[in-house]
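Try each one yourself before reading its solution.

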Amino acid sequence: MGNCLHPEQVDTSELQFILDNWNLTDEDNISYENLDYYSVEAAAPCHSCNLLEKFSLPFFILAGVLGMLASSVVLFAILRPLFHWQICHSRAILAQLAVGSALFSNAVLILTPGLNTARSTALCGLGSWVWYTSAFAQALLIGCYACLNPNLSMGQIRGLTLGLTVGLWGTAGLLGIPVTLASDVYNGVCTLPSSRDLEALKYTHSAICFIIFNVLPLALLTAKGLKKSLNKGLGPWVSVLWVWFIFWWPHGIVLIFDTLVRSKIILLQSCPSQQILDVISDLAEALSVLHCVATPLLLALLCYQTTRKSLPSLSLPTRQSSHVEVSVCKS
């Protein structure tokens, strides 16, 4: 969460007062809600910021490099088909998913903690924008792919590919603006600083992440269930790409829960509770980073499954056409 990265923003006497009275009982006539000096930002000593400190640099670098290599290989295979990969439906969407994974891998390398201690605010904002824009675009592309396939392919309608590409990526870019404006650098680490002036941007970003990473897959599942129960078609097409949301689901939940804590809708009355939230937040971020390695594998698996189903159906017409050609030649 990054609050402990800004200790100079908190008054020492205020911190000591909060620490001394964190676990007050009702007999002291001071309640958690009436503590005027309390704020989540001022509770910096109660935060756990060392979970990934020793392993963050090699973890981020390894994930970014592997994600870049895997995405490049899959993108090359989709754009310049090998074997029978051209049979894959909506190759344009699959190629954009590979591009989004590659962009995220670049953002991982840019924002790796400790890799560049002289990082500027502009570079931090750009990295955060690429980080979340690529993630939002991938989520929207997977939703679009589920709705289009197998009944409709983007290549079947003229102009559909360009329109969807501009619309989805444009939407993702706009959704990434709040986190870009809220990002800043402290001690060489790109983070979301604890500032009252940026609370609206941070809350907006948390809401966007919750809608994209949590509400969208739930909506797809609900639509699939309703269509099937009402016998009105198959609904969204379920594919292996839906596994992608597993990597981002905890991130959206943690962000919205953290927002509720900051706005004091949910009250954490002990330091261990806050520390557990920080640990879960770090684990959710690590899981979301791993998606840049998993996405190319999911794309490769999807294309393999598609070609395996399509090749037998294509082999029969090919054999029939060869028999016709032989008979024509004989006549």
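The exercises below use this predicted model.

**Exercise 1.** Find which cysteines are joined in a disulfide, and work out its handedness.

*Solution.* 
- Start with the sulfur pairs: the cut-off is 2.5 Å, and Cys 124 and Cys 190 sit at 1.8 Å, S to S.
- Now take the torsion about the S-S bond: for Cys 124 and Cys 190 it comes to about 70°, so the disulfide is right-handed.
- Then place the ends: Cys 124 belongs to helix 4 (residues 121-148) and Cys 190 to strand 2 (residues 189-191), so the bond ties together parts 66 residues apart in sequence.

**Exercise 2.** Decide whether Cys 124, Cys 147 and Cys 209 are buried or exposed.

*Solution.* 
- Buried means under 20% relative accessible area, and exposed means over 50%.
- Cys 124 has 0%, so call it buried.
- Cys 209 also comes out at 0% and is buried.
- Cys 147 reaches 56%, so this one is exposed. Cys 147 is in no disulfide either: its nearest cysteine sulfur belongs to Cys 144, 7.0 Å away.

**Exercise 3.** Identify the element that gives the most to the largest nonpolar core, then look at what Trp 131 touches.

*Solution.* 
- The largest nonpolar core holds 52 residues, and Leu 94, Trp 131, Leu 241 and Trp 248 have the most contacts inside it.
- Several helices give two or more residues, including helix 3 (91-110) and helix 8 (244-262).
- Helix 4 gives the most, with 15 residues.
- Beyond its neighbours within four places in sequence, Trp 131 contacts residues including Phe 60, Phe 104, Trp 248 and Glu 285.

Conventions: Residues are numbered from 1 along each chain as its sequence is written. This is a predicted model: local features need pLDDT of at least 70, side-chain atom pairs count only at pLDDT 80 or more; totals for chains, interfaces and linings use all residues. Side-chain values use heavy atoms; hydrogens and water are left out. Helices (H or I, at least four residues) and strands (E, at least two) are DSSP runs, numbered from the N terminus. Buried means under 20% relative accessible area, exposed over 50%, partly exposed in between (1.4 Å probe, protein chains only). A nonpolar core is a set of buried Ala, Val, Leu, Ile, Met, Phe, Trp, Tyr and Cys residues joined through side-chain atoms within 4.5 Å. Contact means heavy atoms within 4.5 Å.
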